[in-house]
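The sequence and structure come first.

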Amino acid sequence: MKVKALKEHTCFCCGEAIKKGEVCFAFIVNPENPEKSEFDVIYTCLRCSGEETCQIRVRQKGATAW
Ligand SMILES: [Zn+2]
Ligand SMILES: [Zn+2]
């Protein structure tokens, strides 16, 4: 999901800083323990969201688009 960063994040893929107020993409990571139902959210920068190799990396983490 395309979001505006509410605070600083680090791009999961390239490690670049996503500054507060910048547009980035948020993905939900499927919890390892479904009973805990705690969802992790990872963020990727705009550049990574458009690159297929980056999308694959995100998918391999088990993350799904919001
Ligand atoms: Zn990135
Ligand atoms: Zn990337």
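The text below takes up the model, its cores, a zinc site and its salt bridges in turn.

The model is predicted, so local features need pLDDT of at least 70 and side-chain atom pairs count only at pLDDT 80 or more, while totals for chains, interfaces and linings use all residues. Residues are numbered from 1 along each chain as its sequence is written, chains are lettered from A and ligands numbered from 1 in the order in which they are written, and side-chain values use heavy atoms, with hydrogens and water left out.

**Cores**

A nonpolar core here is a set of buried Ala, Val, Leu, Ile, Met, Phe, Trp, Tyr and Cys residues joined through side-chain atoms within 4.5 Å. Buried means under 20% relative accessible area, exposed over 50%, and partly exposed in between (1.4 Å probe, protein chains only). The largest nonpolar core has eleven residues, including V3, I18, Y43, C48 and C54. Apart from it lies another core, of five residues, among them F27, I42, V58 and A63.

**Zinc site**

Donors are N, O and S atoms within 2.8 Å of the metal (3.2 Å for Na, K and Ca); water is not among the atoms, so sites may look incomplete. The SG atoms of C13, C48 and C54 coordinate the zinc ion (ligand 2) at 2.2 to 2.3 Å. Along the chain, these donors follow the spacing C-x34-C-x5-C. C48 also bridges this ion and the zinc ion (ligand 1), the two lying 4.3 Å apart.

Leaving aside residues up to four places away in sequence, C48 touches C11, C13, C14, C54 and Q55, a contact being heavy atoms within 4.5 Å. C48 is buried. C54 counts as buried because its relative accessible area is 7%, whereas C14, at 36%, is partly exposed. With a disulfide defined as a pair of cysteine sulfur atoms within 2.5 Å, the count comes to zero.

**Salt bridges**

Side chains of opposite charge can pair when their charged atoms come close. A salt bridge is a side-chain nitrogen of Lys or Arg within 4 Å of a carboxyl oxygen of Asp or Glu. The whole structure holds two.

| Salt bridge | Closest N and O atoms |
|---|---|
| R47 and E16 | 3.8 Å |
| R47 and E51 | 3.8 Å |

R47 is partly exposed at 46% relative accessibility, as are E16 at 45% and E51 at 33%. Shared partners join E16, R47 and E51 into one network of salt bridges.
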